[in-house]
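Notebook open, structure loaded. I want to jot down what I looked up, one topic at a time.

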Amino acid sequence: MPDKYLVITAVGPDRSGLIAEISSVIADFGYNIEDMDQVVMRGIFILSIMINISSSLENVDKLRKKLEYLCHELGLEVAFYYAGGR
Amino acid sequence: MNWGWRWPSITQAEDRFVLTAVGRDRPGIVATVTGVLSRFHANILKTRASTIFSNLFVIIMIVDATHSTIKRRNLINILKRSCDGIGLALAVESGESYKCGKQVIVFDLDGTIIEQEVIEELAKAAGVHDEVKRITALAMEGKMNFLEALRARVRLLKGLPVSKMDDVRRSIRINPSVIDLVRRLKEVGFIVGIVTGGFDFVANHVGETIGADHVFSNRLIVKNGRLTGEVEGEMVGPEAKLKAIKTIAEGRGIGLQSCVAVGDGANDLFMIENVGLGVGFKAKLVVKEKASAVINTDDLNVLLAIIGCIDLKKDVLKRI
């Protein structure tokens, strides 16, 4: 069975510590980041992360909730995209 | 359409650096590295991270430490220790150094390419192991100059027959991943050298086996089938190691900034600090603290990634 992935994008005003906060939530859930791209564009932080969710599909919704809440606090817009089927 | 965006210029600001972290893929790597940066208010301007060679994870980041709460040197040392703690190799370079393509790589021999310390093996064969070990310890503690210590130890080997040297050479174990590593380095155009304070009869043999282009070592003098206890000509110590790299680089028409030096001991420090990228390979603490890159695994792919021999670097460079 092919692996399933969740792509997370987050956009908003830049400051130090954003990746640390987001990646530590992902690490707490035990999901593995397989690809990541980030840039600061005229002071705007843009992040995309691809995580492998095959190991624990049942916790994905909890992760989403947690990230939505966190990003709201950080002033970031967050979006999710499923790749490799749900 | 031109949105006017570009990668942050990494050559201008002194407080910017490029960080490469490589390790076995598993959850929590990004969290650890960015956790340190965040704790000291360093800002990440650009990230590219991906799984490579199917089981490794590599992170390349351009970091702006202008607003860091601690000195850059301390930040980097904390990064090194945190990465070391979770088995990640780390390289930190200026933008300029990162962009400069590396073309020459030199390796220390004893403790880096081979597992044994040849002088110790010779001492065992000559029955003067304890005495040699005592001098080695003095040199390690910095109580004796490297060349002086080497000369004193070689003197103790006087009278050792050539046949015993052959035995030692046959017992040398080359780190098995090195042969593959050198082949791949040469495939991508590297000039490969061995620069060692050790001895020619082993260094030349190892150089031939792994396919090194250059070997610089100390020459033991043999008369009537026995060691005389002397070394021929100018001895290879810390300064001569760097000089050897300069010679190789000049032959290629490039500068030291395009050279990589890999070593583990205090006598490698001088070359490690003066080339474009100095790599501490399973290194002593003093080397770990000063080297721009530290690696603590035999996995050759980690070294390849740390010195930038991966497609991901091309991807990063294109967008700087």
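**Confidence and conventions**

The model's scores are ipTM 0.86 and pTM 0.88. This is a predicted model, where local features need pLDDT of at least 70, side-chain atom pairs count only at pLDDT 80 or more, and totals for chains, interfaces and linings use all residues. Residues are numbered from 1 along each chain as its sequence is written, while chains are lettered from A and ligands numbered from 1 in the order in which they are written.

I looked up who touches whom, with contact meaning C-beta atoms, placed from the backbone, within 7 Å. Chain A puts in 20 residues and chain B 23 residues. On the chain A side, helix H1 (18–28) and strand S2 (32–41) each supply at least two residues; helices (H or I, at least four residues) and strands (E, at least two) are DSSP runs, numbered from the N terminus. S2(A) gives the largest share of that side, 10 residues.

I then followed S2(A) across: five bridges join it to strand S2 (residues 43–52) of chain B, and the two run antiparallel. Strands count as paired if DSSP finds at least two bridges between them. A:Asp35 has B:Ser50 as its bridge partner in S2(B).

**Core**

Next I went for the largest nonpolar core, which has 128 residues. Such a core is a set of buried Ala, Val, Leu, Ile, Met, Phe, Trp, Tyr and Cys residues joined through C-beta atoms within 7 Å. Buried means 20 or more other C-beta atoms within 10 Å of a residue's own, with C-beta atoms placed from the backbone. Strand S3 (residues 56–64) of chain B gives the largest share, seven residues. Domain 1 (16–99 + 301–318) and domain 2 (106–247) of chain B both contribute, so the core lies between them; the bounds come from an automatic or database domain assignment.

B:Ile306 is among the residues with the most contacts inside the core. Not counting residues up to four places away in sequence, B:Ile306 touches B:Val279 and B:Ala293, among others.

**B:Leu277**

I found B:Leu277 in strand S10 (residues 277–281) of chain B. Why do I call B:Leu277 buried? Because 25 other C-beta atoms lie within 10 Å of B:Leu277. Leaving aside neighbours within four places in sequence, its contacts include B:Ala91, B:Val260 and B:Ile307.

Definitions and conventions. Buried ≥ 20, exposed ≤ 12 C-beta atoms within 10 Å, placed from the backbone. Contact = placed C-beta atoms within 7 Å.
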